[in-house]
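Here's a quick briefing to read with the model open in your viewer.

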Amino acid sequence: MDETRRPKITTLLLSYDYGLPERGPSLERGRFFPAICDFADVTPFWLEENGYPEDLEGLQGRIVDFVEKEHPDVVFTITMRDEILCQTLDRLKELSFVVNWFCDDQWRFDDYSSKRAPHLSGAMTVDLYSLPKYRERAIPAVWVPWGIRDFAEESSLHDVKYDFDVSFIGGADRNRRWWIKRIEALTGSPVACFGSGWKGGRVSDQDVMDIMLKSRINLNLSNSRNNDIRFVLSSPVNALRYLRSGKNQEQVKARNIEIPAFGGFELSCYAPGIERYFSIGDEIDLFTSPEEAAVKISYYLLDEKRRESMKLKAYRRAKRDYHLGAVILEGLKNLGVSF
């Protein structure tokens, strides 16, 4: 590839969250697309605007026609279902280097990724522990950390006028409601919750940044799986969902990067691999139970000096290592794409 020019990348992405307009813009449109634009000339192909999900068969032909016309160096996708059929990926591989970013290999590798990845030129996975599975199948794959494109200004992290002692941002579900209720009971203090289903309601991207910056402690609660026997047995519905759910472990998610990047102190539930992102106890801290969360909330509300020092270190780590455009570019290079 001619190194004097920017690479040309075609993105095949959902424009809306899970393809549903009522859920608002997708992470792909709001984060991934502009991040790729930072280092490449990008020709976007938005799946909903071309037939998804009503005309899945027609969509496949439009995808191939678009890629044939654009002649990109790379086709970049993030699929969750059958948006792009395997036979379409096979055809695209004849035209370009086709790579997919897999978000949920922790629990979807066997049923999903392992079936699609052989039809790609390469795979990016956020799950470090899935890499041996790709290698077993001779599928080119690299681990990529979650990243983010927008960061708070470092100057805003100092002398913050806090609005909340403890906050949480994320949709309400049975698992998260259980966590919040127990943490509030143990600490005797309210947790300001925002997102669909909470009293605080859904908030804009700018509000998310402001809330994280102006919270002394930002909780990160996964919705992947709750193994606490007290939660599982608290209702027949919880027990049934626990037994039926394909999710079998916690996951590192983009929110783990967002909180430090937006200038917040992060107290997160443990997820395998999080120690690869930040230094635990020096940049962020973790908990594995409501009781542990309550103890650490009380501690970090009192030890302001340490909390502020950790917050700044985590922010600088995020800004140095987890810019999304740089993460994607490094992933492509590690897959052998020459820029």
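Ala 138 is exposed, because its relative accessible area of 68% is over the 50% cut-off. This is a predicted model, so treat what follows as a reading of a prediction. Ala 138 sits in the loop between α5 and β6, and its phi is near 55°, a positive value in a residue other than glycine.

**Other backbone details**

- His 71 also has a positive phi without being a glycine, with a value near 50°.
- Look for His 71 in the loop that links α2 to β3 (74-77).
- Is His 71 buried or exposed? His 71 counts as exposed because its relative accessibility is 62%, and the cut-off is over 50%.
- There's a cis peptide bond between Tyr 52 and Pro 53, with omega at about 0°.
- Pro 53 belongs to the loop between β2 (41-46) and α2 (56-70).

- On one side, strand β4 (residues 97-102) runs parallel to β5 and is joined to it by four bridges.
- Which residue of β5 is the bridge partner of Phe 102? Thr 125 is the one to pick out.
- To get from β4 to β5 the chain goes through helix α4 (residues 105-116), and this β-α-β crossover is right-handed.
- β5 is also joined to strand β6 (residues 141-143), by three bridges, and these strands run parallel too.
- Val 142 in β6 is the bridge partner of Met 124.
- Ala 138 comes back in here, as its loop lies between α5 and β6.

**Nonpolar cores**

- The largest nonpolar core has 60 residues, and those touching the most other members are Phe 76, Trp 101, Met 124, Trp 146, Ile 328 and Leu 332.
- Which helix gives the most to this core? Helix α7 (residues 205-213) does, with five residues.
- Trp 101 is a handy one to click on: leaving aside neighbours within four places in sequence, its contacts include Phe 32, Phe 76, Met 124, Trp 146 and Ile 328.
- Also on the contact list of Trp 101 are Thr 77, Ile 78, Val 126, Val 144, Pro 145, Leu 324 and Val 327.
- Another core, of 24 residues, lies apart from the largest one, and Phe 66, Phe 102, Leu 120 and Tyr 134 are among its members.

- The loop between β10 (266-269) and β11 (285-287) holds Gly 281.
- Gly 281 is 14 residues from Leu 267 in sequence, and their C-alpha atoms are 9.9 Å apart in space.
- Beyond its neighbours within four places in sequence, Gly 281 is in contact with Arg 306 and Met 310.

**The whole chain**

- The protein chain has 13 helices and eleven strands.
- Its C-alpha trace spans about 60 × 50 × 40 Å along the principal axes.
- Of the 339 residues, 53% count as buried.
- Among contacts with a separation of 6 or more, residues 24 or more positions apart account for 70%.
- The chain exposes about 15600 Å², with 50% of that supplied by carbon and sulfur atoms.

Conventions:
Residues numbered from 1 in each chain as written. Predicted model: local features only at pLDDT ≥ 70, side-chain atom pairs only at ≥ 80, totals over all residues. Heavy atoms only, no water. Pairing = 2+ DSSP bridges. Helix = DSSP H or I, 4+ residues; strand = E, 2+ residues; numbered from the N terminus. Right-handed = clockwise from strand over helix to strand, strands pointing away. Buried < 20%, exposed > 50% of the residue type's maximum accessible area, 1.4 Å probe, protein only. Contact = heavy atoms within 4.5 Å. Areas by Shrake-Rupley, 256 points an atom, 1.4 Å probe, with all protein chains shown as cover. Core = buried A, V, L, I, M, F, W, Y, C linked by side-chain atoms within 4.5 Å.
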